[in-house]
Amino acid sequence: HFLSVFWLLRTSFWMAGPYFYAAYASKILPNGSTMPVGIISQISLTGYAAIALLGPLATKMTQKYGKKAATIAGMLLYGIGSFSVTSDRLVVLFVGRAISGAGQ
């Protein structure tokens with residue numbers, strides 16, 4: 001059962017893309033306009049950059065503490081980061097996406 005949960009978590013970042021895009025696109029910026037595609041792309045890239053930069057550290061932590069602990073920590077980080085989508089502040093959206101990426 002563990003492997004099915006593990007792979008679901010690993011693919012969740014890709015599967016959630018269209019839903020997060022819609023959530024980001026619905027945000028209203030302080031100037032009253034909707035969020036442009038360029039900023040949405042930057043938010044998404046922040047998550048992918050976090051995956052790339054923190055991957056080696058996550059691998060070492062997985063080897064040290066085990067797959068189960070790493071999967072639980074990843075799910076918690078991803079959940080915390082995903083919750084940030086409820087904010088209207090750009091800083092929170094960027095940091096939240098980076099936390100979600102760290103959970104991958």
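This is a predicted model: local features need pLDDT of at least 70, side-chain atom pairs count only at pLDDT 80 or more; totals for chains, interfaces and linings use all residues.
**Exercise 1. Describe the fold of the chain and how helices α3 and α5 pack.**

Step 1: Start with the elements. The chain has 5 helices and 0 strands, and the order from the N terminus is α-α-α-α-α. Its C-alpha trace spans about 45 × 25 × 20 Å along the principal axes.

Step 2: Recall that a packed helix pair is described by an angle and a distance between axes. For α3 (residues 37-65) and α5 (residues 90-102), the angle is about 35° and the axes lie 7 Å apart. The crossing of α3 past α5 is right-handed.

Step 3: Look at who makes the contact. From α3 the residues include Ile39, Ile43, Gly47, Ala50 and Leu54, while α5 brings, among them, Leu93, Phe94, Arg97 and Ala98. Sorted by type, the contact residues of α3 with α5 are 10 nonpolar, 5 polar and 1 charged.

**Exercise 2. Find the salt bridge and say which parts of the chain it links.**

Step 1: Side chains of opposite charge can pair when their charged atoms come close. The cut-off to apply is 4 Å between nitrogen and carboxyl oxygen.

Step 2: Lysine 27 and aspartate 88 pass this test, with their closest N and O atoms 3.7 Å apart. The structure holds 1 salt bridge.

Step 3: Now place the partners. Lysine 27 sits in the loop between α2 (17-25) and α3, and aspartate 88 in the loop between α4 and α5. The pair is 61 residues apart and links distant parts of the chain.

**Exercise 3. Which residues form the nonpolar surface patch, and which helix gives the most to it?**

Step 1: The patch consists of Val5, Ile72, Met75, Leu76 and Ile80, with about 450 Å² of accessible area together.

Step 2: Helix α4 (residues 67-83) gives the most, with 4 residues. Leucine 76 is placed in this helix, α4.

Methods:
Residues are numbered from 1 along each chain as its sequence is written. Side-chain values use heavy atoms; hydrogens and water are left out. Axes are lines fitted to C-alpha atoms, for helices over the stretch in contact, and angles run from 0 to 180 degrees between N-to-C directions. Helices (H or I, at least four residues) and strands (E, at least two) are DSSP runs, numbered from the N terminus. A crossing is left-handed if the near helix is turned anticlockwise from the far one by less than a right angle, and right-handed if clockwise. Contact means heavy atoms within 4.5 Å. Ala, Val, Leu, Ile, Met, Phe, Trp, Tyr, Cys and Pro count as nonpolar, Asp, Glu, Lys and Arg as charged, and the others, Gly among them, as polar. Patches are made of residues with over 30% relative accessible area and no salt bridge: like charges are joined within 9 Å, nonpolar side chains (Val, Leu, Ile, Met, Phe, Trp, Tyr) within 5 Å. Accessible areas come from the Shrake-Rupley method with a 1.4 Å probe; for residues, only the protein chains shown count as cover. A salt bridge is a side-chain nitrogen of Lys or Arg within 4 Å of a carboxyl oxygen of Asp or Glu.
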